[in-house]
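Thank you all for coming; I would like to walk you slowly through one structure. Please keep the picture in view while I speak.

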Amino acid sequence: MQELAALKKAVVAVPGAHLADQQKNALMYERAGAARVLQDAQLLAPDGTSVLTATLLELLADAAATQTLAENLYKFARPHAAQDVARLIWQVYHSEGPPA
């Protein structure tokens, strides 16, 4: 997801049904409006039509929704996290001085 966030790409995630970490992460992204999430069991509707295909076609037809997903993913993923942490360490070091 980080790579797609850096590229500002919209995501339709299908987390592994038995992988709790993927389920948890996907839910966080979905709640933040940063991804559409489908479960394995949802990929086909009861009538046999593909929910995944319908979701992709919906996004392809709605450029604004696709752009919003991409932008939210970019913001949610904190693309400058390493710089932010380094800046925080620098500030703490210079405000408190080196450890005694």
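**A walk from helix to core**

Before anything else, please keep in mind that what you see is a predicted model.

Let me begin with helix α5, which covers residues 81-96 and contains Ala82. Is Ala82 buried or exposed? Its relative accessible area is 63%, and because anything over 50% counts as exposed, Ala82 is placed in the exposed group. If you then look for Tyr29, you will find that its C-alpha lies 20 Å from that of Ala82, the two residues being 53 residues apart in sequence.

Tyr29 itself belongs to the largest nonpolar core, which has 10 residues in all, among them Ala5, Val11, Val37, Leu73 and Ala77. As a general point, nonpolar side chains in soluble globular proteins tend to be buried together.

Just after α2 comes Gly33, whose phi is positive, at about 70 degrees.

Finally, consider Gln67, which sits in helix α4, residues 63-76. Its relative accessibility is 39%, so Gln67 counts as partly exposed. Although Gln67 and Ala10 are 57 residues apart along the chain, their C-alpha atoms are separated by 7.0 Å.

Definitions and conventions. Residues are numbered from 1 along each chain as its sequence is written. This is a predicted model: local features need pLDDT of at least 70, side-chain atom pairs count only at pLDDT 80 or more; totals for chains, interfaces and linings use all residues. Side-chain values use heavy atoms; hydrogens and water are left out. A nonpolar core is a set of buried Ala, Val, Leu, Ile, Met, Phe, Trp, Tyr and Cys residues joined through side-chain atoms within 4.5 Å. Buried means under 20% relative accessible area, exposed over 50%, partly exposed in between (1.4 Å probe, protein chains only). Helices (H or I, at least four residues) and strands (E, at least two) are DSSP runs, numbered from the N terminus.
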